[in-house]
Structures are given as C-alpha cells and as structure tokens.
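I opened this notebook page to record a search for salt bridges. The entries follow the order in which I looked things up.

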Amino acid sequence: MRLSVFRPAAILAAGGALLVAGCTSSGPGTAAPSSSAPVSAITSSQAASHAPTTITVWSFNTLPHEVAAFKKTLAQLHTTYPWLTVKFVPGKDDAAFAKAVAAGSPPDVFVSTAPDNVAKFCYNGTVAPLDPYLTAAKVDVKATFPAATLVYTQYAGKQCALPLLADAYALFYNKKMFADAGITEPPKTMSELTADAKKLTIRNGATIKTFGFVPRSDYNNNSSIYVGSQSGTKYYDGSEKATFASDDKWAKLLEWDKGLNEYYGGPAVQKFVGTYNGHSDDAKNALLSGAVAMEVDGEWHVGEIADENPNFDYGVAPVPVLDDVANTYGVGNTVGTVAYIPSGSKNKEAAFFALQQLTTNTEFLTTLADTVYNIPSTFDSLKAWDKADDPHWAPLVKIFQNPGSYYKELTPAGDEDAATFGTFVQQYEQGKVSDLQKGLAATAKKVDKLNAQAKG
C-alpha cells in the first residue's frame with residue numbers, strides 16, 4: 001500500500017485527511033472490552049456447526065484486482081464455513097469508519113491502508129483491544145508476526161489491530177548509471193549517498209539532465225527517510241516528549257537534506273518534484289525514464305517496474321543511514337495495512353474469526369501479496385512466499401525482518417504529529433526557517449501540545 005505518515009496540510013488536502021476529531025466514542029476505552037473481560041473465540045471444531053451469522057468487512061481497497069482478491073477469499077471462507085456470510089464493502093477510509101462507529105452502525109471488521117490512527121482509535125474506544133480474543137484463540141502474536149508489525153499495531157500494551165501485509169522502503173538504483181559512474185555498490189551512509197549522487201548527476205549546460213538523488217521530503221516516498229529509522233532517532237523520549245530538538249541527529253539529518261537540495265538549486269529541484277511527483281507509479285517514473293539514478297520507494301515499485309519496463313536493470317538496497325549510526329545500515333522504515341474490530345461490533349467473536357483468517361491464512365496472504373505487490377506479514381507466509389528469494393524482493397524482505405527496522409511511535413494524536421513535523425521539514429527545505437534548532441524546538445512544543453490535547 002502506501003505510507004500515509006508525514007502529511008502536511010497541502011498533502012492532506014490532496015490525499016484525504018485522516019483526522020477524525022469528534023467522530024469517535026466519548027472517552028478513553030469507551031465501549032471497548034478490557035483485556036481481562038471474559039470472551040471466547042470460535043475454534044475450528046465450533047466453526048463446523050455455528051449458528052448462521054452475517055458480518056460486514058470494510059476495506060480501503062478500490063482497485064478491481066484488489067477487491068476481487070478479497071471477495072474470492074471471503075467467498076472461500078463462506079464455502080468452508082457456510083454459517084459465516086461476509087458482506088465486503090470497498091472504498092472506506094478511516095474517517096468514514098470513525099463516523100460509523102460514532103453513529104452506532106460500524107462494520108464488524110475494518111481494513112485500513114495505514115496505522116496512523118491505531119493509537120487514536122485504541123485510546124478513545126473506537127476499536128476493541130484484541131488481546132482477549134487472541135488469548136482465547138491461542139494466537140501468540142510474537143510467534144506469528146515479525147516484530148516490525150507489532151510496533152504499529154500496538155498501543156499502551158494493547159494489541160489494537162492486526163497487520164495485513166506490510167511495506168518496506170528501500171533505495172532503488174539504476175545499475176547502468178552506477179557502472180558508467182564507476183560506482184560498484186550502493187551507498188550505505190548519507191555522506192556516501194551525497195557523494196554518489198554528485199557523481200551520478202549529469203548536467204547539460206545550465207540544466208540538469210539526470211539527478212543523482214533528490215532528497216526533498218515531499219518527493220515520492222522520501223518522507224520515509226525522515227520518520228526516524230534512517231537517522232537512529234525516535235519521535236519521543238522515555239517521558240513521551242518530542243525529541244526533535246533534544247536529539248541532535250534530527251538536525252544533522254535535515255542539514256544533510258538541505259545541503260544536497262542546495263547542490264542542485266531550489267528551482268531545479270522544484271521543477272523535478274513538480275514534473276515527476278505525479279508519475280511515481282507509472283512508466284514516466286523518474287527512475288524508469290532516466291531522470292534520476294536513485295530513488296526511495298516501497299516494495300510495490302518492484303511490481304510496477306515489472307509491469308512498465310520488465311527489462312529495466314536495477315538494484316534494490318537498504319536506504320542509507322546517517323553517518324552517526326552507520327552500524328545500523330540495513331534497517332528501514334516498515335509499515336503496512338492494519339485490520340480492526342470496532343468496539344461497537346455486535347458480532348465480535350465471528351468478526352475475530354474472520355479477522356484471524358484474513359491476517360494469518362498463509363495462502364490468502366501470499367496470494368494477496370502477489371496481487372497488490374506487498375510483503376506477506378506472518379512468519380509462515382514469508383517462508384511460503386515464492387518471491388522471498390527474488391533478487392529484487394529479497395532485500396525488501398530482509399529490511400522488513402531486520403530487528404532494527406521500525407515505524408514511528410503511535411500516539412492518540414493520530415497522524416497530526418507527523419504532519420506537524422512534515423510541515424516544518426518542508427519549510428526548512430524551502431529556506432523559510434532561519435534558525436534550525438529554534439524551529440525544531442518550536443515544532444517539538446507543538447507536537448507535545450497536540451499529544452496533550454489528544455489525551456484530554
């Protein structure tokens with residue numbers, strides 16, 4: 001799918017805001033069962049003779065082949081367990097889901113494109129904690145799902161969602177351009193990335209024919225560079241205070257970013273971003289068209305390249321890391337689709353049974369991963385996946401399974417913290433911030449205030 005963190009206001013307006021204030025239940029944990037509440041799970045033997053039940057599953061998916069994959073699996077579920085009928089409704093986002101819960105008419109399962117609102121929904125009672133159902137069903141999440149997925153599906157010690165496929169971000173690079181420039185391996189640190197980017201840049205008089213690497217945060221999937229994993233930073237410290245000013249690696253990361261952008265010149269970078277941002281997923285993509293030698297993208301780009309230009313010779317490697325944390329090279333930003341059970345579902349046991357099939361069934365996960373060009377999200381499905389050893393997919397799977405890979409910490413503020421930081425990063429890149437440290441401190445205060453307000 002796509003990373004939805006790090007969305008400043010302009011991007012939110014274009015892509016659809018995930019902010020759902022006023023659309024949830026009345027307070028922390030409202031209507032959600034506590035982790036000690038007595039619940040039961042439907043076992044395979046019970047499922048053979050269960051009373052007829054109909055549940056509704058909502059999903060963000062809209063593309064015909066994705067919708068067809070879900071419908072096929074849910075139909076197979078009904079064939080195996082005739083008592084369970086599933087109504088599938090595509091094209092639903094987080095805002096629609098929160099409104100439905102608040103109105104008392106939620107679906108029984110909701111599949112969201114990204115985990116930005118996991119903590120918000122868990123904190124305010126929009127969704128039901130899954131721990132009691134997992135315990136009853138004897139599902140060990142640590143033994144079932146790679147550690148990276150648990151970072152973005154848990155909040156405050158509760159399992160608030162389950163992962164359903166995963167994304168990993170990597171550096172995609174043109175092998176011929178590397179060879180022509182005498183570069184024998186992909187860069188591992190930000191300083192190496194800058195050096196290689198300059199070697200790979202081809203100028204034609206006053207214009208730039210080929211950019212080595214464009215780091216601006218609003219280009220394509222570059223926002224994943226600024227989430228923390230590539231700089232060895234976390235959004236929050238042990239006191240849940242924003243670290244943008246207190247951890248100097250944030251400033252070093254942004255100084256690197258601005259330095260490489262300035263090497264090309266603001267107008268040249270702006271023209272590049274304006275030209276190619278609308279073609280990140282098609283044949284006019286900057287990497288495929290030769291306009292850039294390296295770019296950061298998600299695993300779905302492997303499938304897109306295969307569709308658009310199967311003869312394109314490229315490599316995939318981990319995104320370089322800040323020089324200060326060079327020993328962590330190999331880590332990456334990892335995120336993915338998540339699935340919830342709303343607190344207001346009247347069929348939670350049946351909903352969890354369906355959710356369990358969707359998130360742990362190996363055949364479904366590998367088939368869906370092939371369909372939407374994502375990474376399977378359980379240990380078993382990764383072992384069974386026929387693409388795990390593919391030279392383009394293997395580096396992405398390795399990033400996903402790296403114990404140091406992670407997504408930003410989740411808070412009840414939803415994606416507002418990342419959007420606030422993203423706005424600041426863009427302002428700094430555009431030369432609108434004269435004092436970086438002062439700006440980082442002010443941004444940290446804004447984020448701390450957002451989190452305080454979200455908790456009431």
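The entries below concern salt bridges and the exposure of their partners.

Entry 1. I noted that this is a predicted model, in which local features need pLDDT of at least 70 and side-chain atom pairs count only at pLDDT 80 or more, while totals for chains, interfaces and linings use all residues. Residues are numbered from 1 along each chain as its sequence is written, and side-chain values use heavy atoms, with hydrogens and water left out.

Entry 2. I searched the whole structure for salt bridges (a side-chain nitrogen of Lys or Arg within 4 Å of a carboxyl oxygen of Asp or Glu) and found 10.

Entry 3. I looked up Glu416, which forms a salt bridge with Lys120, with the closest N and O atoms 3.9 Å apart. The pair links distant parts of the chain, 296 residues apart: Glu416 lies in helix H18 (residues 416-429) and Lys120 in helix H5 (residues 118-123). Helices are DSSP runs of H or I with at least four residues, strands runs of E with at least two, numbered from the N terminus.

Entry 4. I then checked exposure, where buried means under 20% relative accessible area, exposed over 50%, and partly exposed in between (1.4 Å probe, protein chains only). Lys120 counts as buried because its relative accessibility is 8%, whereas Glu416, at 25%, counts as partly exposed.

Entry 5. I recorded a salt bridge between the side chains of Lys252 and Asp248 (3.9 Å, N to O). The two are about one helical turn apart because they are four residues apart in helix H11. I also noted that Asp248, Lys252 and Asp324 are linked in a network of salt bridges.
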